[in-house]
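Here are my notes on this one, written as I would for anyone new to reading structures. Have the chain open and follow along point by point.

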Amino acid sequence: MFRLKELREESGIKRSELARKLGINAGTIANYENEIRQAPYEYLILFAKYFDVSVDYLLGKEKTEEVKTRLNGALNESERQLIEAYRNCSPTGKSRILEYAGLWKNHQV
């Protein structure tokens with residue numbers, strides 16, 4: 001996994017914190033980062049979703065500039081903060097956030 005460590009460090013997140021958030025052992029993540037073991041497809045998807053990149057980018061098959069340009073134009077800071085807060089919620093919290101967002105989406109001023 002070519003870019004997992006790079007993405008984690010760019011995000012300022014410790015390996016143990018990422019492991020806790022994704023429910024994966026920190027040692028397992030270290031093995032992926034150091035290319036001792038290959039992550040299964042399910043974990044590749046988890047990592048890609050967490051860092052908001054494609055699996056191709058994670059595996060080094062997509063150019064850095066293309067991804068950063070796409071992502072920088074896609075979300076503003078408040079949107080990134082909202083996504084991070086959502087990711088840290090329990091399943092019940094996520095459900096309530098989606099319900100609340102749906103109410104506002106249909107709200108006419």
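1. Let's settle some words before we look at any residue. Buried means under 20% relative accessible area, exposed means over 50%, and partly exposed is in between (1.4 Å probe, protein chains only). You'll find lysine 14 in the loop between α1 and α2. Its C-alpha atom is separated by 9.4 Å from that of alanine 26, twelve residues along the chain.

2. A bit of housekeeping. This is a predicted model, where local features need pLDDT of at least 70 and side-chain atom pairs count only at pLDDT 80 or more, while totals for chains, interfaces and linings use all residues. Residues are numbered from 1 along each chain as its sequence is written, and side-chain values use heavy atoms, with hydrogens and water left out.

3. Now the charged pairs. Side chains of opposite charge can pair when their charged atoms come close. Here a salt bridge is a side-chain nitrogen of Lys or Arg within 4 Å of a carboxyl oxygen of Asp or Glu. How many salt bridges does that rule give? The count comes to four.

4. Start with glutamate 33 and arginine 8, whose side chains meet in a salt bridge at 2.5 Å, N to O. The pair links distant parts of the chain, 25 residues apart: glutamate 33 is in helix α3 (residues 26–33) and arginine 8 in helix α1 (residues 4–11). (Helices, H or I, at least four residues, and strands, E, at least two, are DSSP runs numbered from the N terminus.) Are these two partners buried or exposed? Glutamate 33 is buried, at 8% relative accessible area, and arginine 8 is buried too, at 7%.

5. Lysine 21 deserves a point to itself. Lysine 21 is partly exposed at 24%, as is glutamate 84 at 28%.

6. Next, helix α4 (residues 41–51). Which of its residues are buried? Leu44, Phe47, Ala48, Tyr50 and Phe51 are. They are on the same side of α4, because they cover an arc of only 165° around the axis (the arc is that of the directions from the helix axis to the C-beta atoms). The face turned away from that side carries exposed Tyr41, Glu42 and Lys49. The buried residues of α4 pack against α1, α2, α3, α5 (55–58) and α7, where contact means heavy atoms within 4.5 Å. After α4 comes aspartate 52, with a positive phi near 60°.

7. Last, look at leucine 103 in helix α8 (residues 91–105). Leucine 103 is exposed, with a relative accessible area of 55%.
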